[in-house]
Amino acid sequence: MLKIESLNVFYGHVHALKDITMEISQGELVALLGANGAGKTTTLMTISAILKPKSGQITYEGLDLTHESSRQIVQRGIVQCPEGRRIFGGLTVSENLLMGAMRRSDRVNLAADLDRVLEIFPVLGKRRNQSGSTLSGGEQQMLAIGRALMATPRILMLDEPSLGLAPRVIDDIFKVIRTLHQQGVTILLVEQNVRLALEIADRCYVLETGRVVMQGTGAELKANPKIENIYLGGSA
Ligand code: ATP
């Protein structure tokens, strides 16, 4: 469905992505793992066309996306839920959700989609007239995912959805991610909680200083001593 080939991305002289190659099939949940600064967010930002690669290609169902704008990428159904939520604090919960639908050309199903998001996250329904800034961290993360869902994603890119949240809230968020996956949404998940990501992902890519250094199924990587030592705090 989505293919990334030999992608090179720079911030000035900083070579952030080095010949990154990866792919995601329809319906898959693929996790992108790695330490701080490995290039995970840069990968998502480049797919979203917020960053432009120096070389390489991104194709989506055979179509070359490399020179498309962010607006076109969203309209094609590739939607990013950013690290740190980035909700609009001064807008209400409902307004935040509607912001997610801004680039949609089909507005007929808007009300039904809003109902669906509020069904997935009932707490947002209770707080729909409250301003975004008054929500807890977990509720803000739910709002950020809900806003992305309002764009009717075919590929949902989630950047660090567990960041800064309590374990119980992380469980709730991951339950929703699992449900969305079961409903057929294709998901690219960036996650520093490697243990959780390995549990949930069909396949994973591990990035180190801008390069893909490992890939495999969750089970394969879990059994890899390097993953155990570096990311799971083991003594393999
Ligand atoms: P984190 O989990 O900390 O967000 P990450 O894997 O998402 O890490 P990136 O944010 O993609 O990593 O960063 C990849 C590299 O690019 C790092 O070396 C980082 O310092 C550098 N970098 C990121 N953003 C910028 C920027 N705006 N200007 C210069 N360098 C940047």
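Start at the ligand and select Gly-39: one of its polar backbone atoms sits 2.9 Å from a ligand oxygen atom. That is a polar contact, meaning a pair of N or O atoms within 3.5 Å; within protein, one must be able to donate a hydrogen and the other to accept it, and residues adjacent in sequence count only if both atoms are side-chain atoms. Before you go on, note that this is a predicted model, in which local features need pLDDT of at least 70 and side-chain atom pairs count only at pLDDT 80 or more, while totals for chains, interfaces and linings use all residues. Residues are numbered from 1 along each chain as its sequence is written, and side-chain values use heavy atoms, with hydrogens and water left out.

**Stop 1**

From Asn-36, a polar side-chain atom lies 3.1 Å from an oxygen atom of the ligand. From Thr-42, a polar side-chain atom is 2.4 Å from a ligand oxygen. On its own the ligand has 630 Å² of accessible area, and the protein covers 60% of this (areas come from the Shrake-Rupley method with a 1.4 Å probe; for residues, only the protein chains shown count as cover).

Widen the view to the whole shell. In total, 13 residues surround the ligand, the closest being Gly-37, Gly-39, Lys-40, Thr-41 and Thr-42; a residue is near the ligand if one of its heavy atoms lies within 4 Å of it. Colour the shell by class and you will find four nonpolar, six polar and three charged residues. For that count, Ala, Val, Leu, Ile, Met, Phe, Trp, Tyr, Cys and Pro are nonpolar, Asp, Glu, Lys and Arg are charged, and the others, Gly among them, are polar.

**Stop 2: helix H1**

Which helix gives the most to the shell around the ligand? It is H1, residues 40–47, with three residues. Helices (H or I, at least four residues) and strands (E, at least two) are DSSP runs, numbered from the N terminus. Seven of the eight residues of H1 are buried, so the helix is largely enclosed by the rest of the structure. Buried means under 20% relative accessible area, exposed over 50%, and partly exposed in between (1.4 Å probe, protein chains only). The buried ones to highlight are Lys-40, Thr-42, Thr-43, Leu-44, Met-45, Thr-46 and Ile-47.

Zoom in on Thr-46, which lies in H1. Thr-46 counts as buried because its relative accessibility is 2%. A polar atom of its side chain is 2.6 Å from the backbone oxygen of Thr-42. Beyond residues up to four places away in sequence, Thr-46 touches Leu-7, Val-9, Leu-17, Leu-51, Pro-53 and Ile-58, where contact means heavy atoms within 4.5 Å.

**Stop 3: salt bridges**

How many salt bridges does the structure hold? There are six, each defined as a side-chain nitrogen of Lys or Arg within 4 Å of a carboxyl oxygen of Asp or Glu.

- Select Arg-127 and Glu-139, whose closest N and O atoms are 3.0 Å apart. Arg-127 sits in the loop between helix H5 (122–126) and helix H6 (137–149), and Glu-139 in helix H6, twelve residues apart. Arg-127 is partly exposed at 27% relative accessible area, whereas Glu-139 counts as buried at 13%.
- Lys-222 lies in helix H9 (residues 218–222) and Glu-199 in helix H8 (residues 194–200), so the pair ties together parts 23 residues apart in sequence.
- Then pick Lys-226 and Glu-208, with closest N and O atoms 3.4 Å apart.

**Stop 4: Arg-203**

Stay in strand S9 and select Arg-203. Its side chain has a polar atom 2.6 Å from the backbone oxygen of Glu-23, and it makes a polar contact with the side chain of Glu-28 (2.6 Å).

**Stop 5: positive phi angles**

Most residues other than glycine have a negative phi. Thr-152, not a glycine, has a positive phi of about 45 degrees and sits in the loop between H6 and strand S7 (155–159). Finish at Glu-160, with a positive phi of about 50 degrees, in the loop between S7 and helix H7 (167–182). Is Glu-160 buried or exposed? At 3% relative accessibility, Glu-160 is buried.
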